[in-house]
Amino acid sequence: MSQHHRHRTDLSAPSVHLGVDLTDAGAHPAAWRDLGSQAQRLFDAQRLASLVATAQRGLLDLVVLDDAFSLQPVQRHGAQGRLDAALVASRLAPRSAGIGLVPTIDTTHTEPFHVSKAVATIDHVSRGRAAWGVGWSTTPEAARAFGRKGVQDEADAVDEAGDVIDVVGRLWDSWEDDAEIRDVATGRFVDREKLHYVDYEGIRFRVKGPSITPRPPQGRPPVVVRATSDAALTLAARHADVVRLQATSLDEAVAQRELLRTRAADAGRDADQLRVLVDAFVVLADDEASARARLELLDDLEPRAGASTTFEHVGTPDALVAAIDAWVAAGAADGFVVRPSSLSTDLDALVDKVVPTLQSAGLFRTAYPGRTLRDTLGLARPANVFAATA
Amino acid sequence: MTTRRKQIHLGVHFPGVNSTTVWSDPESGSQIDFASFEHLATRAEAAKLDFFFLAEGLRLREHKGRIHDLDVVGRPDTLPVLAALSAVTERIGLAGTINTTFNEPWELARQFATLDVLSGGRAAWNLVTSPDAFTGENFRRGGYLPYAERYERAAEVVEVARTLWDSWDDDAVLADAEGGRFLRPGAVRPVEHHGRYADVVGTFTTPRGPQGHPVLFQAGDSAEGRDFAARTADVIFSMHSSFEAGRAFYDDVQARLVAAGRSRGDLKILPATTVVLGDTAEEAAERAAHIRRQQVSGPTAIAFLEQVWGRDLEAYDPDGPLPDVDPDVENISITRGRVRHARDPLAIVAAWREQAEANRWSIRDLVIHTTTRGSFVGTAQQVAEDLDRHVQEDASDGFILVPHLTPHGLDDVLDQVVPLLQERGVFRTEYSGPTLRDHLGLGRPEVADQATELAG
């Protein structure tokens, strides 16, 4: 444990931020073949609800759900098929509390107006626990599924994602918080002065606005961007509230996080309002040898494609706690998005073994600090751009 | 020997943006808070109703170039609300309006397949079309779809969606961990469709839902809309709730159904209607009149006239006589985002002046009388008898109940009228199956023959 965390017991003190990736049966392509994976229930809402309940028991900040418009490429023995992540997140909202829900929603082939009201609605339904995992599509498969435009390269798709984030944010702001007045005396339900046309005109699309959906409880649900390339890192610096970094070493993460903060400051933003979470592929067991053996077994069933691009932990819960502490103390991360190799095994270990140790070390909260995801992340509720300029 | 009486189908409508919801009533709650949706859906489920229905809007309405501010404004996105309701209900169907004009078939098919999977087979899609450039201004697709083409596009979108739903076999997920086969070989087939409105090539991502295809609703009332429904839909959401209009509509649609090669019973006709109850017939009538007066505020009455007059009439007193000026027949864009009522303003205004004079009606009185739709008003016993008569005599197959208050507006109907229908033996006392298709007595579509699919 590093010295500066050791005596922290105050509830209001900053906490490490932890999310967990609930995509598929786990981050390892063979996870569905793991004992207890319940692979025949991969698309079952009850299975997903139970995973969220576990994550919530561990007071984790958020769960992420990946998505794509094309079927996973055929691997030797891989699981295939996905439900629409936004609808899954909404399904998970009413029977959960405290925990943030982060579906990936594409920006390349979707309508920004629809994206805006979908995320706003998940925020309403969850009373302020939605975030938006910004996705973009560069595959010919996704382009052919829609048949409306050609395949886009990454630079173009990321640029378009920036346009979509911009207009979606304005649509969230297109209703001021107190637009609904129900003034019986004048017969007016809303104050139309507090509803705003966004009049967005980009090079790829236009949107008139206002939204049909009142401003979400969080004002703007957090925007989550995966900084998987330099272009994506720039996008994240400009627009993200939560950035998912991929870094294989602590030093690499420190450098990336510094670069991100510099670019955010250059874009006129307060870098302290960014939460940087490093993706952590995790295999947990009571001793390191068992963890290695589990990974070998999974790799045997279905090898992972290519070299890992991000931090991996194959070992004990205590060693993971030490790594989390070291990375956060060194300014490499504000926390992690844990990608359990196998949800059926590693999520329980994370919640029942890693979290309590982090808590007793004073590194992790012992209760949710508020009701919204912004509260949990320590992010301020943003001012409305239209109200501010009115 | 008694013959089994025709069974009534009932849905509840969560009011969206409209002038029928009395927001000014102190008992009116939030139209956005999820608790409101949960209340109506769970109460309807406790009463064993067929489905919960949610409309959508894609642009805020405007009146005289400004956002219309007199009615309820602001609603959530349809499908995420239905997905959330699937977590707090177990049996009731979850029906939502989604426009075919400003959505792409791949995404729509995934969303409805997802809802059907998440809800255990309770999804329904009310297909609507929107040809206007006003709504299009919010979308990439944007622009204007010629009126005549809107059902062509809708038909193609549905055709592609069905092809995508059928591209996964029901038992496609094998999940054979030992053998290492997740999908059954050959059970997920690529799809290729090249049409006028959709160009879709790929392997679909989402399993076939428990219903095979979500139930399809259709709400258009034009001849094209009726033909489209007769060819395509499982349920028509009709606006004809009076007995005579209902009978005429029912006969017309049945004829179109048979002409489309389908059978009676393949298409359920469910008008939207309101119900007002009282301990006596007189009390119910008084309540109905009071509700109508609340629904039509002074400013609402003036705004309604402005749509027909094509003029600013704010200077007129809603409790005074009709405006003495003539309508501006050139001004047809005073209201945008809702269906225009007046095709011949001069004739309408002449008729209204005559009626108002004969009955000594104020502007507000006239609007109340003109805009009152068919509804069922009376004691619970009277209403139950009346609803039953409509269904037994083929004026409809049931009803979609529209409350005037959110979210408690149907509590009394569910508590008082539904048990009487159950006593009459015309409404279920328990759900007989898990899916909405079960509730509606609709068959489950088999996976279409692959050769036919690929020819599409």
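Tutor: What follows is a talk through a predicted model, beginning with the contact and then turning to cavities, salt bridges and backbone geometry.

Student: How many residues does each chain bring to the contact?

Tutor: Chain B contributes 74 residues and chain A contributes 72 residues. Between them the two chains bury about 6,100 Å², with 60% of that area on carbon and sulfur atoms. On the side of chain B, the residues that lose the most area to chain A are Trp23(B), Arg140(B) and Phe182(B), which together make up 14% of what that side buries.

Student: And how many salt bridges are there between chain B and chain A?

Tutor: The count is 7 salt bridges between chain B and chain A. One of the pairs joins Asp69(B) to Arg192(A), where the closest N and O atoms are 3.4 Å apart; that separation falls within the 4 Å limit, so the pair counts as a salt bridge. Turning to polar contacts between chain B and chain A, there are 37 residue pairs, with both residues at pLDDT 80 or more.

Student: Which elements of chain B supply residues to the side that touches chain A?

Tutor: Several elements of chain B supply at least two residues each, including the helices α1 (34-46), α2 (78-88) and α3 (105-118), and also the strands β7 (173-176), β8 (181-183) and β10 (199-202). By class, that side of chain B has 36 nonpolar, 18 polar and 20 charged residues.

Student: Changing topic, how many cavities turn up in the whole structure?

Tutor: The search finds 6 cavities of 30 Å³ or more, and the largest cavity holds about 180 Å³ of space.

Student: What lines the largest cavity?

Tutor: Its lining consists of 14 residues, and those nearest the centre of the cavity are Asp24(A), Leu48(A), Leu65(A), Arg82(A) and Leu83(A). Helices α2 (45-57) and α3 (85-92) of chain A each supply at least two residues of that lining. By class, the lining divides into 8 nonpolar, 2 polar and 4 charged residues.

Student: Where does Asp24(A) sit in the chain, and what is its phi?

Tutor: Asp24(A) lies in the loop between β1 (17-21) and α2 of chain A, and its phi is positive, about 55°, although it is not a glycine.

Student: Why is that worth a remark?

Tutor: Because most residues other than glycine have a negative phi. Ala175(B), in strand β7 of chain B, also has a positive phi, near 50°.

Student: What about cis peptide bonds, where do I look for those?

Tutor: In chain A, a cis peptide bond joins Gly209(A) and Pro210(A), with omega about -15°, and Pro210(A) is placed in the loop between β8 and β9 (223-227) of that chain. In chain B, Thr406(B) and Pro407(B) are joined by a cis peptide bond with omega about -5°, and Pro407(B) is found in the loop between β16 (398-401) and α13 (411-423).

Student: Back to salt bridges, how many are there over all chains?

Tutor: The count comes to 76 salt bridges over all chains. In chain A, Arg204(A) forms a salt bridge with Asp163(A), with the closest N and O atoms 2.8 Å apart. This pair links distant parts of the chain, 41 residues apart, since Arg204(A) is in the loop between β7 (200-201) and β8 (206-207) while Asp163(A) is in helix α6 (residues 154-173).

Key. Residues are numbered from 1 along each chain as its sequence is written. Chains are lettered from A and ligands numbered from 1 in the order in which they are written. This is a predicted model: local features need pLDDT of at least 70, side-chain atom pairs count only at pLDDT 80 or more; totals for chains, interfaces and linings use all residues. Side-chain values use heavy atoms; hydrogens and water are left out. Contact means heavy atoms within 4.5 Å. Buried area is the accessible area (1.4 Å probe) that two parts lose on being put together, summed over both. A salt bridge is a side-chain nitrogen of Lys or Arg within 4 Å of a carboxyl oxygen of Asp or Glu. A polar contact is a pair of N or O atoms within 3.5 Å; within protein, one must be able to donate a hydrogen and the other to accept it, and residues adjacent in sequence count only if both atoms are side-chain atoms. Helices (H or I, at least four residues) and strands (E, at least two) are DSSP runs, numbered from the N terminus. Ala, Val, Leu, Ile, Met, Phe, Trp, Tyr, Cys and Pro count as nonpolar, Asp, Glu, Lys and Arg as charged, and the others, Gly among them, as polar. On a 1 Å grid over the protein atoms alone, a cavity is a set of points where a 1.4 Å probe fits but cannot get out, and a pocket is an open set with protein on both sides within 12 Å along at least five of seven lines; lining residues have an atom within 4 Å of a point. Grid points are joined across faces, edges and corners, and a volume is the space filled by probe spheres set on the points.
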